[in-house]
Amino acid sequence: MIEVSELFIAHQGEGPNLGRLSLFVRLRRCTLHCVWCDSQYTWKQDDPAFAEFQSYTAPALAGRMLLHDSPTWPQAVVLTGGEPLIWQRELVEVIDCYRAVRQVPVEVETSGTITPSDQMLARCSFNVSHKLPSAANDDIPLERLWREDVVRSILCAAPPLLESVCLKPVVDPVMDSSSVQQYLVWLSDTAARVGVDWERLRQRIY
């Protein structure tokens, strides 16, 4: 069963697909606990809305998503959270059931703390929102917040122009000022190790 906090239609508000009318599927649970999270109700147990969710089988969730269908929208599906990749085994079936009826792109909004499966990499584009010190995940080591194996898997699966990759770190201009350069160096080094041109990858950072 897949735990879903909400489904809603909205325009994508960030990244390369800004403005695209999308069906958002907000899944429960998260690997992080960012202090400024705008969807704490998906993971924070003392949030009054934490208990408000629905459980679905994969075919049932795809059917529920299709209730939002029309000839012109949604133009994409966005799997968000929480951390949607917690549910990636089930989501492969959800995507296949949905796309059997409606062929639209699927984006995954992830913190970059879980490696996508080959099945998810083949079906989705990835918006990776790495967290910097302002998120206050102080009990989590940096190597678990910025996982090179996750970035490598996404880059290696992406087309040559990296159209399916978006890196959108959340940056506080004051608290994260000393960490931004460290993050960019880490990304550059990771790109070099998998043979991805840094200038091309840099254009995918939002």
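Visitor: Why is Val174 called exposed?

Guide: Val174 has a relative accessible area of 66%. Exposed means over 50%, buried under 20% and partly exposed in between, with a 1.4 Å probe and protein chains only, so Val174 is called exposed. Val174 sits in the loop between β7 and α6 (180-193), where helices (H or I, at least four residues) and strands (E, at least two) are DSSP runs numbered from the N terminus.

Visitor: What kind of model is this, and how are residues numbered?

Guide: Residues are numbered from 1 along each chain as its sequence is written, and this is a predicted model. Local features need pLDDT of at least 70, side-chain atom pairs count only at pLDDT 80 or more, totals for chains, interfaces and linings use all residues, and side-chain values use heavy atoms, without hydrogens and water.

Visitor: What makes β3 and β7 the edges of the sheet?

Guide: The open sheet has 7 strands in the order β3-β1-β2-β4-β5-β6-β7, with mixed pairing. β3 (54-56) and β7 (165-167) each have a single partner strand, so one side of each has no neighbour in the sheet. Two strands pair if DSSP finds at least two bridges between them.

Visitor: How do you know that β5 and β6 pair?

Guide: Strand β5 (residues 106-110) and strand β6 (residues 125-128) share 4 bridges in the parallel sense; at least two are required, so they count as paired. Val108 stands opposite Phe126 in β6.

Visitor: Which residues of α5 are buried, and what do they pack against?

Guide: In helix α5 (residues 148-157), the buried residues are Val150, Val151, Ser153, Ile154 and Leu155. They pack against α3 (118-123), β6, β7, α6 and α7 (198-202), contact being heavy atoms within 4.5 Å.

Visitor: What does Val77 touch?

Guide: Apart from neighbours within four places in sequence, Val77 is in contact with Leu23, Val25, Met65, Tyr98, Val104, Pro105, Val106 and Glu107.
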